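Subject: Structure for your review

Dear colleague,

Please find below the structure that I am handing over to you. My notes on what was found in it follow directly after.

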Amino acid sequence: MVATGGEGRIPEGYQTWSAGSARELCILGVGRTVPLAKLLPQSAGLSPEALARVHVEGWSQNTLENAFSAKAAAEERGYSSVILVTSDYHVPRAWITFRKVLPPRIALYVLPVRSERWGSPVDVWRAARRYFLEGWKYWGYRVLLRWE
């Protein structure tokens, strides 16, 4: 399950899937009108059998909706485990959300995608802002989900 919204998430999810670590590739929250070829340029070279194992979900718009979409896909397809691909700064909030929404019988693994490097002062400012905002969102989700 690739939670879109951060750089590098889809390529990392594709690489993990194409290496055989997952049976299917689900890309969550891309929008209803985005073609697969734009998301995965490699899709042009995939066999019809491989393409049938790539699923693009376009209705979810945030982490909680991503988790409910993942739950529906996991239950429909009988998954026993899920690999969640998301940015490193997003892991704490995504993990508590997916863990709360997915049934306990489904094992949850996380593959963090490294966010941008901190080379310039502008990069440092952006990263600090991102981590600050993500921290607020994390605690908001903790309250929303009544996590203990």
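The accessible surface of the protein comes to about 8700 Å², with areas computed by the Shrake-Rupley method with a 1.4 Å probe and, for residues, only the protein chains shown counting as cover. Carbon and sulfur atoms account for 57% of that surface. This is a predicted model, in which local features need pLDDT of at least 70, side-chain atom pairs count only at pLDDT 80 or more, and totals for chains, interfaces and linings use all residues. Residues are numbered from 1 along each chain as its sequence is written, and side-chain values use heavy atoms, with hydrogens and water left out.

Overall form

The protein has 6 helices and 5 strands, taken as DSSP runs numbered from the N terminus (helices: H or I, at least four residues; strands: E, at least two). From the N terminus on, their order is β-α-β-α-α-β-α-β-α-β-α. The C-alpha atoms fill a box of roughly 45 × 40 × 25 Å along the principal axes. Among contacts (heavy atoms within 4.5 Å) between residues at least 6 apart in sequence, 74% join residues at least 24 apart.

Interior

Of the 148 residues, 40% are buried; buried means under 20% relative accessible area, exposed over 50%, and partly exposed in between (1.4 Å probe, protein chains only). A nonpolar core is here a set of buried Ala, Val, Leu, Ile, Met, Phe, Trp, Tyr and Cys residues joined through side-chain atoms within 4.5 Å. The largest such core has 17 residues, and M1, V82, F98 and L102 have the most contacts inside it. At least two residues of this core come from each of β2 (25-28), α4 (63-77), β4 (81-87) and α5 (91-101), and α4 supplies the largest share, 4 residues. A second, separate core of 14 residues includes V2, I27, V30 and A50.

Helix α5 is mostly covered, with 8 of its 11 residues buried. Those residues are V91, R93, A94, I96, T97, F98, R99 and V101, and their cover includes β2, α4, β4, β5 (107-113) and α6. Leaving aside neighbours within four places in sequence, F98 is in contact with L28, T63, N66, A67, A70, L84 and L108.

Salt bridges

With a salt bridge defined as a side-chain nitrogen of Lys or Arg within 4 Å of a carboxyl oxygen of Asp or Glu, the count comes to 2. One joins the side chains of R93 and E134 at 2.6 Å, N to O. R93 counts as buried because its relative accessibility is 6%, and E134 counts as buried at 7%. R77 and E24 form a salt bridge at 3.2 Å, N to O. R77 counts as partly exposed because its relative accessibility is 26%.

Surface

F132, L133 and W136 form a nonpolar surface patch with about 370 Å² of accessible area together. Patches are made of residues with over 30% relative accessible area and no salt bridge, with like charges joined within 9 Å and nonpolar side chains (Val, Leu, Ile, Met, Phe, Trp, Tyr) within 5 Å. F132 lies in helix α6 (residues 121-145) and counts as exposed at 53% relative accessibility.

Yours sincerely
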